Amino acid sequence: MEPQRRKEKNWLGLMIGNSRLHWAQFVGETLEKAWDTDHLSTIPNSQFPIPNSQSIYLASVVPEQTALLQAYTDVRVITLDQLPLEGVYPTLGIDRALAVLGAGEVWGLPVLVIDAGTALTFTGADANRRLVGGAILPGLRLQLNSLAQKTAALPKIELPGIVPPRFARNTRQAIQSGVIYTVLAGIKDFIEAWWQDFPESKIILTGGDRAILLSYLQTQFPEIGNHVITDPNIIFLGMRSVVSSY
């Protein structure tokens, strides 16, 4: 007689980002789907669209949203000390730590993760799963929005579908050019510096602006952009590593 097959556990991963809630549905270790929702404005109630039978494993960079979600019946908060990642420091963002952990497990180590979200971050780990370090700067959209919000005459500008002219002849394109070319030059510099120390390392691009940023990189610096891998789910795969150890 065959042994009874163990029923795989259904669970939800939730990454609370600066702008949105990022969800993932797992069956055991298999990621079934991922989606985003707006931040919560109230404590989850009977209309909260998550079955009470599922555990939520939560990581967050927004304490106020964490407090709201902890009113849910079965929430477990993932913290830095639970991650199998060496060399972390107390103020390291849990999103960055999970992303580099997940990228290393899926794509191999050493690895450099570029997260193109509200903030644009660089996070690298070596072959021993030890954090090397990284950097943080405002993301593309945050830079564009800050000019509109903090100046009297500059308009709010959207990201263009293609790289704009470098030397623009109107204000809209001048803003796009200033932000985009400066960010691309910075990314190129960080990647080249990383490859000097880790020449065989993968470069993983994630976050909400990953696709458009990759298209810009491939246009402006194809020798680099064509070696960059996009992966929207590495934070959740880092979560999976932690949850599997429970």
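Let me start with glutamine 25, which is buried, as its relative accessible area is 13%. Buried means under 20% relative accessible area, exposed means over 50%, and partly exposed is in between, with a 1.4 Å probe and protein chains only.

Before going on, this is a predicted model, in which local features need pLDDT of at least 70 and side-chain atom pairs count only at pLDDT 80 or more, while totals for chains, interfaces and linings use all residues. Residues are numbered from 1 along each chain as its sequence is written, and side-chain values use heavy atoms, with hydrogens and water left out.

Glutamine 25 belongs to strand E2, residues 21-27. Strands (E, at least two residues) and helices (H or I, at least four) are DSSP runs, numbered from the N terminus.

What does the side chain of glutamine 25 reach at 3.4 Å? It is the backbone oxygen of tryptophan 11. Leaving aside residues up to four places away in sequence, glutamine 25 also touches several others, including Asn10, Leu12, Thr30, Trp35 and Gln54. Touching here is contact, meaning heavy atoms within 4.5 Å.

Now the aromatic rings. A pair of them is described by the distance of the centres and the angle of the planes. Rings of Phe, Tyr and Trp (its six-membered ring) pair if their centres lie within 6.5 Å; planes under 30 degrees apart count as stacked, over 60 as edge-to-face, and the rest as tilted. The count by this rule is five aromatic pairs.

Take tryptophan 23 and tryptophan 35: the ring centres are 6.2 Å apart and the planes are at 10°, so this pair is stacked. It links distant parts of the chain, with tryptophan 23 in strand E2 and tryptophan 35 in strand E3 (residues 30-37), 12 residues apart. Tryptophan 23 is buried, at 3% relative accessible area, whereas tryptophan 35 is partly exposed, at 27%.

Another stacked pair is phenylalanine 122 with phenylalanine 190, at 4.3 Å centre to centre and 15° between the planes. Here too distant parts of the chain are linked: phenylalanine 122 is in strand E7 (residues 119-125) and phenylalanine 190 in helix H4 (residues 171-197), 68 residues apart. Which of these counts as buried, at 2%? That is phenylalanine 122; phenylalanine 190 is partly exposed, at 37%.

There is also an aromatic cluster, formed by Trp11, Phe26 and Tyr57.

Last, charges over rings. The charged end of lysine 33 sits over the ring of tryptophan 35, 5.2 Å from its centre. The rule asks for NZ of Lys or CZ of Arg within 6 Å of the ring centre and within 35 degrees of the ring normal. Lysine 188 lies over the face of phenylalanine 221, 5.4 Å from the ring centre.

Terms used. A polar contact is a pair of N or O atoms within 3.5 Å; within protein, one must be able to donate a hydrogen and the other to accept it, and residues adjacent in sequence count only if both atoms are side-chain atoms.
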